[in-house]
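Subject: Handing over the structure

Hello,

Here is the structure I promised to pass on to you. Please have a look at it first, and then read on for what turned up in it.

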Amino acid sequence: MAFSGAEKEGKEVKIYENLDDLKIDLAEYVAELSEAAVKERGTFSVALSGGSLIGLMGELRHPPYIETLDWALWHIFWADERVVPKNHPDSNYKLAKDNLLPKVLVLPSQMHSINDSLSAKEASEGYEFLIRQLVKTRLVGVSETSDCPKFDLILLGMGSDGHVASLFPNHSVLDNTEDWVTYVTDSPKPPPERITFTMPVINAAANVVVVAIGSSKADAVHLAIDDVGHECPSLPAKMVKPTNGKLTWFLDKLAASKLDSCAHKSE
Ligand code: 6PG
């Protein structure tokens, strides 16, 4: 059973009694966005993160989605990536390739990942260059209000400290509003070297989904979603506010347990 808060200012919060319902609804949501983008632009540009998110999207590998999704028109990016070889167990590319993207339906040319032979700095610069080329060809859209790319969908997990992608609280990486992609070499969550979309790129997306499950996320969910005045204004998850897009939270009841607004808990 899902409780869904009224959509307000382009934001919706969906709360699920059990993970199976969350997984089914998340797959359906992604499938609808894919269908709409393909109808409108002939392609679907989607950026993934790492962590539990990929397992929670697993329904997409099963019927009906395995057959009905326009996999051939998907272009897959990573909102953040660990700077490790692509065959390393920590690689977000490997995680998605092995556990989400059906091998015969998604070709290597549709997976736009970092050059793993470079340093974090060089890999972030190279990744931004790659995205700039794909914006020029309109494979990735462009924001109406900034020079940022406009991904059809950016999927994020959230850490218990409120980080999203590899944008960590109280880290200078949050101040970078110039670049599309940047890097960290001291990530509090291992491994230390990562590249990440910057906040302006996340907020330029047509759709952003944040998925958080488990009680360890409850405090950060509360700070990010509830109107708690000036508390933690620079909590990365709270800074996710798509300018012209829609933000949708998918939460289980444990992650939602500290939300204080009843609006989030009623139809
Ligand atoms: C990464 C991430 C990171 C992740 C969160 C949540 O580490 O690669 O992209 O932002 O999504 O840390 O991870 P969990 O859902 O596993 O807690």
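K253 sits in the segment that follows β12; helices (H or I, at least four residues) and strands (E, at least two) are DSSP runs, numbered from the N terminus. With a relative accessibility of 43%, K253 counts as partly exposed; buried means under 20% relative accessible area, exposed over 50%, and partly exposed in between, with a 1.4 Å probe and protein chains only. Leaving aside residues up to four places away in sequence, K253 touches I15, Y16 and E17, where contact means heavy atoms within 4.5 Å. K103 is 150 residues away from K253 along the chain, and their C-alpha atoms are 33 Å apart.

Before you go further, please note that this is a predicted model: local features need pLDDT of at least 70, side-chain atom pairs count only at pLDDT 80 or more, and totals for chains, interfaces and linings use all residues. Residues are numbered from 1 along each chain as its sequence is written, and side-chain values use heavy atoms, with hydrogens and water left out.

Strand β12 (residues 246–252) pairs with β2 in the parallel sense, over six bridges; two strands pair if DSSP finds at least two bridges between them. One of the bridges links E12 to its partner T248 in β12. β2 itself (residues 11–16) is mostly covered, as five of its six residues are buried.

β5, β10 and β9 form an open sheet of three strands in the order β5-β10-β9, with antiparallel pairing. Its edge strands are β5 (80–82) and β9 (181–184), each of which pairs on one side only. On average, neighbouring strands of this sheet are turned by 20° against each other, direction ignored; axes are lines fitted to C-alpha atoms, for helices over the stretch in contact, and angles run from 0 to 180 degrees between N-to-C directions. β5 is joined by three bridges to β10 (residues 194–197), and the two run antiparallel. Within β10, T196 is the bridge partner of D80.

Which helix lies across β9 and β10? That is α5 (residues 120–136), which runs at about 165° to β9. S124 is part of α5 and, at 3% relative accessibility, counts as buried. Not counting residues up to four places away in sequence, S124 touches V181, T182, Y183 and I195.

Helix α4 (residues 92–99) has N92, Y93 and A96 as its buried residues. They lie on the same side of α4, because they cover an arc of only 105° around the axis; the arc is that of the directions from the helix axis to the C-beta atoms. Their cover includes β3 (44–48), α2 (53–56), β4 (74–78) and β5.

Finally, the chain as a whole. It has eight helices and 12 strands, and 54% of its 267 residues are buried. Of the contacts between residues at least 6 apart in sequence, 73% join residues at least 24 apart.
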